[in-house]
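Open the structure in your viewer and keep the selection tool at hand. This tour goes from one stop to the next, with a note on what to select and what is there.

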Amino acid sequence: MFEAKLPNASLLKKIVDAIKDLVNDAPFDCTENSMSLQAMDASHVALVALKLENGLFDMYRCDRTINIGISVANLTRALKCANNDDSCMIRYNDEGDTVLFTFVDEKRDRSQDVTVKLMDIDAEQLGIPDQKYSAVIEMPSSEFQKTCRDLAMFSDSIVINATKGGVTFKATGDTGGSTLVYNSSASADDEDSGKIFFEVKEAVNVTFSIKYLNHFAKAASLSNRVRLSICNDVPIAIEYSIEDNGYLRFYLAPKIEDDQNMD
Amino acid sequence: MFEAKLPNASLLKKIVDAIKDLVNDAPFDCTENSMSLQAMDASHVALVALKLENGLFDMYRCDRTINIGISVANLTRALKCANNDDSCMIRYNDEGDTVLFTFVDEKRDRSQDVTVKLMDIDAEQLGIPDQKYSAVIEMPSSEFQKTCRDLAMFSDSIVINATKGGVTFKATGDTGGSTLVYNSSASADDEDSGKIFFEVKEAVNVTFSIKYLNHFAKAASLSNRVRLSICNDVPIAIEYSIEDNGYLRFYLAPKIEDDQNMD
Amino acid sequence: MFEAKLPNASLLKKIVDAIKDLVNDAPFDCTENSMSLQAMDASHVALVALKLENGLFDMYRCDRTINIGISVANLTRALKCANNDDSCMIRYNDEGDTVLFTFVDEKRDRSQDVTVKLMDIDAEQLGIPDQKYSAVIEMPSSEFQKTCRDLAMFSDSIVINATKGGVTFKATGDTGGSTLVYNSSASADDEDSGKIFFEVKEAVNVTFSIKYLNHFAKAASLSNRVRLSICNDVPIAIEYSIEDNGYLRFYLAPKIEDDQNMD
């Protein structure tokens, strides 16, 4: 028996919107303390990791560890039925082949039940090693989204360069190029000011596929801020915090390009 | 001679938007008291009935009963020219082959004449029998629109079930399904509160094609509320009231399906 | 060396949006006093003339007359990177093969460099003869845009008729037609009132391709008002003033049609 109630269906809508172009099959792992999800994208290049701690829920009950496999397309369809302010109850009875979502608009005594067929998913839980990163950049998530969208006009690749003196995002193509320059970090005090904050232990120069970053950047609706953790030759970790009781993280390996060091 | 002036062209725009995907040819019947229109959709499944009483008009003059046949595509084009706040004069001279719409923005001394060619339409006026319905449901028109849109994700058919205890709208498909449940009716006092109101004399369980309901639901811009009148084995009547001086009604026969009674 | 700084990148964005569907290659002429541009559309029917006087710039320095040729597609891409409130520095070093745009958001210490490759453009500067026009019509640019869009539903051609008594815009097609009538001119006092202003020395009746007028009308975002200068058998001049320190003008020759005088 698994039963959990989110105060607003909008949270789940935003999560599903953020991952639906990356992940086809979502194997949710439900334990006593949290719902979580780990999945590679269809081309096995990017990793998505979601954690929703029970603190996010109005009610949370999970008798034993269970795995609920759902097609993201079916989940998207179900959540389209919910109004943002509806509460969202999720119910799964052991041995059942469906999960039941109930969206309730309490003001108007209206409730909508949506059943979604479950599916078997080969859920290989990947161990994500604890990584020390050379640099951490925290910025408004809308600005990260705009940066990825802008640079995608010039190239398939983005070069992120971080030194103690500044952070740049750069893309260069045949007809021109663009470089975004941040010369100074916000202090810890004004992290919420819309400014960028960065801390660089060792200089980093890494190249990524912009296509994937553009996918990740859709999670901007989940959180005002995004945290990029980078290190030479190591996957970037891009984290959107979820109301301090969970996160949506994306991992992507850097591109190894001959010309990377020339930039 | 027919001459009539609507205070706002927006009313006609909304009506035409609501029917333009259903009806190709619009045979308007103009009498001393009202303009009306009755037309089957192209596949002869649904019936559209419109009535605009002369109380809706600032000026209304109709010397004798006349029939004005207009292509809905041409009418749509004409009305696109009107600003919502423009007044709308409609003029037809007996024996003419065009109807003239004049949109006037009085504040700015701007007037726009649009002529639309008439067409011959085989206007078989269908007698719509007076029907006693077993159940009447009145709900916000935006909510009816959302319900039809949601359920269309799961199936081609919608089952409406009404009993004294509640009303449900239901659709079931291969990957899941959705059921909307309304457990209590608003009282007559708070009909305008955004709540659903229902009155059920006899239990009803009827199935309809969602595709058509989705078409009808576009009339939501005409009125905040919609009234569904249902009865087993009888066409549903879906009515949008027009400023208490007219209506736009849709009729659709139920689907006869083997599995209908199984739901 | 050419260096100039606009207080807001939005001005350049609007200009490029207005011409990008007409002009592929933009040969900018920079002199001590202004940046200007003259280009025919791809089919050599319409002429675009832009003038940005140095008064529009926060800083403007041009050592000698230079020509900067830019692909409008590349310029569009560069400007998409700018936020509307960013300042926009334009820099060109003599003998360089790129122009550098720097967009700065000073509040957030964020700057974005975009380089655009230059191109050789055969810039034949056309002499535009000083023309006395028979009639001048000044109207809200949004209304001119709507008029062109409306009439395009009925025909490829628009007939503009101006007499001392009024101005009409007319299009006629197979299924109907539309005529916009302005019976009185605003007085000079209320030119900004959203009304049309016209001054007619000699009656004019001219026909133009609506397709081109629709392109020109996109410049509505540059200025609230547009000025049409017309004369029989002479190209129309359509001018959008830019903050009283420049303009964007379009010229288009009238259509010579047998039936023109019949309308």
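A polar contact here is a pair of N or O atoms within 3.5 Å; within protein, one must be able to donate a hydrogen and the other to accept it, and residues adjacent in sequence count only if both atoms are side-chain atoms. By that rule, 10 residue pairs are in polar contact across the interface of chain A and chain C, both residues at pLDDT 80 or more. Please bear in mind along the way that this is a predicted model.

**Stop 1: the side of chain A that touches chain C**

Select chain A and chain C together. At this contact, 20 residues of chain A meet 18 residues of chain C. The two chains bury about 1,500 Å² between them, with 44% of that on carbon and sulfur atoms.

Which residues form a salt bridge here? Select A:E143 and C:R110, whose closest N and O atoms are 3.2 Å apart. The count between chain A and chain C is 1 salt bridge.

Next, colour by element of secondary structure. On the side of chain A that touches chain C, α3 (141-151) and β13 (176-182) of chain A each supply at least two residues. β13(A) gives the most, with 7 residues. Sorted by class, this side of chain A has 7 nonpolar, 8 polar and 5 charged residues.

**Stop 2: the axis**

Chain A is superposed on chain C by a rotation of 120° with 0.1 Å of shift along its axis, at an RMSD of 0.0 Å. In chain A, the C-alpha nearest this axis belongs to A:S221, 17 Å from it.

How is chain B laid on chain A? A turn of 120° and a shift of 0.1 Å along the axis does it, with an RMSD of 0.0 Å. That is the relation of a three-fold axis. For chain B, select B:S221: its C-alpha is the nearest to the axis, at 17 Å.

**Stop 3: the side of chain B that touches chain A**

Select chain B and chain A. This contact takes 20 residues from chain B and 18 residues from chain A. Chain B and chain A bury about 1,600 Å² between them, 43% of it on carbon and sulfur atoms. In chain B, the residues that lose the most area to chain A are B:K146, B:M153 and B:T175, together 32% of what that side buries.

For the salt bridge, select A:R110 and B:E143, with their closest N and O atoms 3.3 Å apart. The count between chain B and chain A is 1 salt bridge, along with 10 residue pairs in polar contact, both residues at pLDDT 80 or more. α3 (141-151) and β13 (176-182) of chain B are the elements that give two or more residues to the side that touches chain A. The largest share, 7 residues, comes from β13(B).

Which strand of chain A does β13(B) pair with? Select strand β9 (residues 110-117) of chain A, joined to β13(B) by 7 bridges, with the strands running antiparallel. A:S111 has B:V181 as its bridge partner in β13(B).

**Stop 4: along β9 of chain B**

Centre the view on strand β9 (residues 110-117) of chain B. Strand β8 (residues 98-105) of chain B runs antiparallel to it, joined by 8 bridges. B:L100 has B:T115 as its bridge partner in β9(B). β8(B) and β9(B) form a hairpin with 4 residues between them, and B:D109 in the turn has a positive phi of about 50°.

β9(B) is also joined, by 7 antiparallel bridges, to strand β13 (residues 176-182) of chain C. Pick B:Q112 to see this pairing: its bridge partner in β13(C) is C:L180.

**Stop 5: a salt bridge within chain A**

The structure holds 36 salt bridges over all chains. One to select is A:R64 with A:D94, the closest N and O atoms being 3.5 Å apart. This pair links distant parts of the chain, 30 residues apart: A:R64 lies in the loop between β5 (59-62) and β6 (66-71) of chain A, and A:D94 in the loop between β7 (87-92) and β8 (98-105) of chain A.

How values were computed. Residues are numbered from 1 along each chain as its sequence is written. Chains are lettered from A and ligands numbered from 1 in the order in which they are written. This is a predicted model: local features need pLDDT of at least 70, side-chain atom pairs count only at pLDDT 80 or more; totals for chains, interfaces and linings use all residues. Side-chain values use heavy atoms; hydrogens and water are left out. Copies are superposed by least squares on the C-alpha atoms of residues with pLDDT of at least 70 in both. Contact means heavy atoms within 4.5 Å. Buried area is the accessible area (1.4 Å probe) that two parts lose on being put together, summed over both. A salt bridge is a side-chain nitrogen of Lys or Arg within 4 Å of a carboxyl oxygen of Asp or Glu. Two strands pair if DSSP finds at least two bridges between them. Ala, Val, Leu, Ile, Met, Phe, Trp, Tyr, Cys and Pro count as nonpolar, Asp, Glu, Lys and Arg as charged, and the others, Gly among them, as polar.
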